[in-house]
Amino acid sequence: MADTETARDRLLRLLTSLTRHTPAGPPEPPSTVYQTSTMAALLDGVYDGDVTVAALLEHGDFGVGTFNGLDGEMVVLDGVCHRLRADGTVTPAADTDRTPFAAVTFFRPDATRHLSAPMTRHDVETVVDELAPSGNLIRAVRVDGHFSSVRTRTVAEQHRPYPPLVEATEGQAVAAFQDIDGTLVGFVTPEYEGGVSVPGYHLHFIDQAKQKGGHCFDFEITAGAVAVATAHEFHLSLPTSPEFLAARPPASFGDQVRRAEGGSDQGG
């Protein structure tokens, strides 16, 4: 008998993995998203925060963000915080590392759907909208699967005096991955939260081996599963640093977010 993994075997393995990642126990209260600082401050170059990774993980086991000085994309998955740097390395973040902007939640999916046919990013977004129709609530989204392609970017570490985010992202490292198992982690945030969060989709990717990833521009998935958790509460923690207190939101917030987060892609 040939020792090969069929598409059905891969799908079953991925779904088993997703189930294993979902904590058991009594029902959780309505999900809360905890966020430190605002997207407007990040756009204005406020790249240093005082919230440590250890403190962040007290508020969630799933989420995205960045690190001080924009030194790496953040992926919080299954309670572990990963740092994805522009040089292509992925390492566990130290408890003492700090973040200027991050959002986390304790991920307890309300709905899931198995994906047994190839889908584009647009197709997956349609599935998310079907699983959690209201665009007025924050939706945490997790996609586990085998991806035929994933396009990512990672911003290089910045040094003082910090440039605005739209300038910092001009030197970003762009990567394209093919035929790779991994996970998309992120949020879909209502448009009315513009200035506070990233409106629309904000997705980061990390491969199954925890060796590759970044801010996700686009992807195509061949098989896997989508899980969505709807948040009914939002906790915003604001810094008190002089830089944050002096920050001014840009007049063209929407345009700057789209430029910083990936052109026509409104997520990160």
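## Terms and model

Buried means under 20% relative accessible area and exposed means over 50%, with partly exposed in between (1.4 Å probe, protein chains only). The model is predicted, so local features need pLDDT of at least 70 and side-chain atom pairs count only at pLDDT 80 or more, while totals for chains, interfaces and linings use all residues. Residues are numbered from 1 along each chain as its sequence is written, and side-chain values use heavy atoms, with hydrogens and water left out.

## Overall build

The protein contains 14 strands and seven helices; both are DSSP runs numbered from the N terminus (helices: H or I, at least four residues; strands: E, at least two). Of its 268 residues, 51% are buried.

Among contacts (heavy atoms within 4.5 Å) with a separation of 6 or more, 79% join residues 24 or more positions apart.

L236 belongs to strand β14, which covers residues 213–237. Its relative accessibility is 31%, so L236 counts as partly exposed.

## Cysteines

C81 has 3% relative accessibility and therefore counts as buried. C216 is also buried, at a relative accessible area of 0%. A disulfide is a pair of cysteine sulfur atoms within 2.5 Å; by this rule the count is zero.
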